[in-house]
Amino acid sequence: MNTMLEARDLTKRFVKTLDLAGKIAQKLGASVREEVVHAVDHVDFSIDPGEVVGLVGESGCGKSTVGRMVAGILPPTEGKILFKGADVAGMDAADSKTAALQIQMIFQDPFASLNPRMRVQDIIGEAPIIHGIIKRAETAAYVEDIMLRVGLDPDYRRRYPHQFSGGQRQRIGIARALAVKPEFLVCDEAIAALDVSIQAQVLNIFIGLREDLSLTYLFISHDLGVVQHISDRVIIMYLGRIIEIAPTEELFKSPNHPYTKALLNEVPRLDARRRDFAPVAGEIPSPIDPPSGCHFHPRCPHATERCRNEVPLLKAVAPGRISACHLNDTH
Amino acid sequence: MTSARSTLQVEGLETYFFTKAGVVKAVDGVSFAVGRGEVMGLVGESGCGKSVTGFSIMGLVDPPGRIVGGQVLFNGENLVTASEEHMRALRGSRIAMIFQDPMMTLNPVLRIDTQMIETIRAHERIDRASARQRARDALGQVGIPSPDERLRAYPHQFSGGMRQRVAIAIALLNKPDLIIADEPTTALDVTIQGQILYEAQKLCRELGMALIWITHDLAVVAGLADKISVMYAGKVVEQGLVDDVLDHPVHPYTVGLIGSVPSHNPRGQPLAQIPGMTPSLLNLPPGCAFRTRCSRASGICEQEPRLSEPRSGHKVRCFHPCLEGHA
């Protein structure tokens, strides 16, 4: 089967190297070590053409790092990313450029991701000219077409980013990504910074674009409500590892992993009135010094001795569903 | 609403900002009441005036802003006309506020115990040892593990969720009658937000405090609040018990907001969005501020709609409330 994108054994470690003082201290016998953050820890997943995959997790779980590696902004420490079956790292220059154009990213902060000194028409029109997608003379018409597609008034094309509201800026970011005719969009918390009514507008743009341009999405978000709405399949991450992958409806109906259950339980919902909150105890551990065995065991109500010692593997729990929990072995 | 028993009653509050570009009516005639042990959700999008309402109650509006009208009755006493000295005595003791960013409350260069003991001793003549004991108890109350050790820590040694707990503990120190919480969980992760909501709910039930929970997230107040006030462009547009407002919203804006919540819609379908964007409060045109985004707007909406009460205890500021289908 043809997959759009596949991550195999994808790993990213960030190492904080010792400075001079640290190195001297180490020579003198002090217990100073390089700090290694296991941001993404041997992650495998695949995305089919036309599919919307939600990637969910709390801060520090590595979801943004996965997104950045997929988008080609960060090189993986280990493992590889296959785009349409070909290893992105092993491509020749021409193929690698094509792949880079076809995978575009939309960022969280619409205030930080646009060049404040460029006019909207240049922000949107620059890349397609450079990559030879359009001729310079066609820019105005091309930019106008894309602006209309994301619900921006083309009359504003000579304005600067600071003259727009947050929701409009996010539309500019989407327009910029669309301008190079991508097939695959990585949306990293793309609507998290927006007001509720504006969130709905931007989410509708994503839904509309998917139908019109048959795009594939990796939709990264901490907001389960948003992910539930837009995704076909959901990947749940905790502290650098994938702990569960399932089709959206099944995941929200019957979550398998205890962390997924806890997460779904905590999501505020409109129809849950004056409820009794029963939160998961404890904090998200630091990825510098993650717990042994299953990363979730210090917070898990069902943790056993085995969970403390042995890393659970992702195993099939139902057709199309995998989960990494030792509890599944006992049944 | 029962005015006699209300801890806080806000009547026609008006807070304007006199800027060079013009007058910004950030809070324009807001009224509500919160009683003992009651939680009110104050909901709205950025710039609707919900935070300024909180600051006005606390008497913390800085120039060019000024409270130009209305009353803030706290246990029957009008805080708008109270002296700065009196307000200072009330703040941190009878009324406390929790902010979105706990570092707004915490001093980064002082240990937690110093800050907590200071807060107690600013309002009460009590020796350091007893104050310390009370600080310790407050930390335990909000679920901070090993409070004795954590008292000696600095704010940067806490995680975001823990810092917010410390901020809540400080707000609780003098057992206030009213707590104003301004988006306290917005910056937190879902499981940590759940923990904070759990603590807030427990404290309200146990200590009988009145709580105003300011947020943009309807789903958060759905689980926590007893009643809701929805603000738009400086005015309360809808107000009532949580079930009435969320199950039978009557203002087109509230209807739109609820329609915009993704989990309320069938998967993959476009959301019922509100067109346009929140208006600038500077020189708002007369009439209903929502009319340019509203599908029900007509000529009469260019006049100022009054707060009406189509159902008992459920108020709305609209000429064309959505009352069909359920009377």
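This is a predicted model: local features need pLDDT of at least 70, side-chain atom pairs count only at pLDDT 80 or more; totals for chains, interfaces and linings use all residues.
**Figure 1. Chain A as a whole.** Chain A has 12 helices and 12 strands, where helices (H or I, at least four residues) and strands (E, at least two) are DSSP runs numbered from the N terminus. Its C-alpha atoms fill a box of roughly 70 × 60 × 40 Å along the principal axes. For 331 residues a compact globule would have a radius of gyration near 20 Å, and the 22 Å of chain A agrees with this; the radius is taken over C-alpha atoms, and the globule rule is 2.2 Å times the number of residues to the power 0.38. Of the 331 residues in chain A, 43% are buried, a residue being buried if 20 or more other C-beta atoms lie within 10 Å of its own, exposed if 12 or fewer, and partly exposed in between, with C-beta atoms placed from the backbone. Among contacts in chain A between residues at least 6 apart in sequence, 67% join residues at least 24 apart, two residues being in contact if their C-beta atoms, placed from the backbone, lie within 7 Å.

**Figure 2. The two domains of chain A.** The domain assignment of chain A gives domain 1 (5–238) and domain 2 (257–269 + 277–331), with bounds that come from an automatic or database domain assignment. The contact between them takes 11 residues from domain 1 of chain A and 12 residues from domain 2 of chain A. On the domain 1 side, the elements that give two or more residues are β2 (35–47), α8 and β9 (233–238) of chain A, and β2(A) gives the most, with four residues. By class, this side has five nonpolar, four polar and two charged residues; Ala, Val, Leu, Ile, Met, Phe, Trp, Tyr, Cys and Pro count as nonpolar, Asp, Glu, Lys and Arg as charged, and the others, Gly among them, as polar.

**Figure 3. Strand β4 of chain A and its partners.** Strand β1 (residues 5–16) of chain A runs antiparallel to strand β4 (residues 78–83) of chain A, and five bridges join them; two strands pair if DSSP finds at least two bridges between them. Within this pairing, A:Leu5 has A:Phe83 in β4(A) as its bridge partner. β4(A) is also joined by two bridges to strand β5 (residues 86–87) of chain A, again antiparallel, and here A:Leu82 stands opposite A:Asp87 in β5(A). The strands β4(A) and β5(A) form a hairpin with two residues between them, and A:Lys84 in the turn has a positive phi of about 50°.

**Figure 4. Where chain A touches chain B.** In this view, 36 residues of chain A are in contact with 40 residues of chain B. On the chain A side, α7 (196–213), α8 (224–230) and α10 each supply at least two residues, and the largest share, nine residues, comes from α7(A). By class, this side of chain A has 16 nonpolar, 12 polar and eight charged residues.

Figure 5. A:Glu283 is found in the loop between α10 (258–266) and α11 (305–309) of chain A. Is A:Glu283 buried or partly exposed? A:Glu283 counts as partly exposed because it has 18 C-beta neighbours inside 10 Å. Leaving aside neighbours within four places in sequence, A:Glu283 is in contact with B:Ser159 and B:Gly161.

**Figure 6. Helix α10 within chain B.** The secondary structure of chain B comes to 10 helices and 12 strands, and buried residues make up 49% of its 327 residues. Helix α10 (residues 252–260) of chain B is mostly covered, with eight of its nine residues buried, including B:Tyr253, B:Val255 and B:Leu257. The buried residues of α10(B) pack against α7 of chain A, together with α8 (218–224), β9 (227–232), β10 (235–241) and α9 (242–247) of chain B.

Terms used: Residues are numbered from 1 along each chain as its sequence is written. Chains are lettered from A and ligands numbered from 1 in the order in which they are written.
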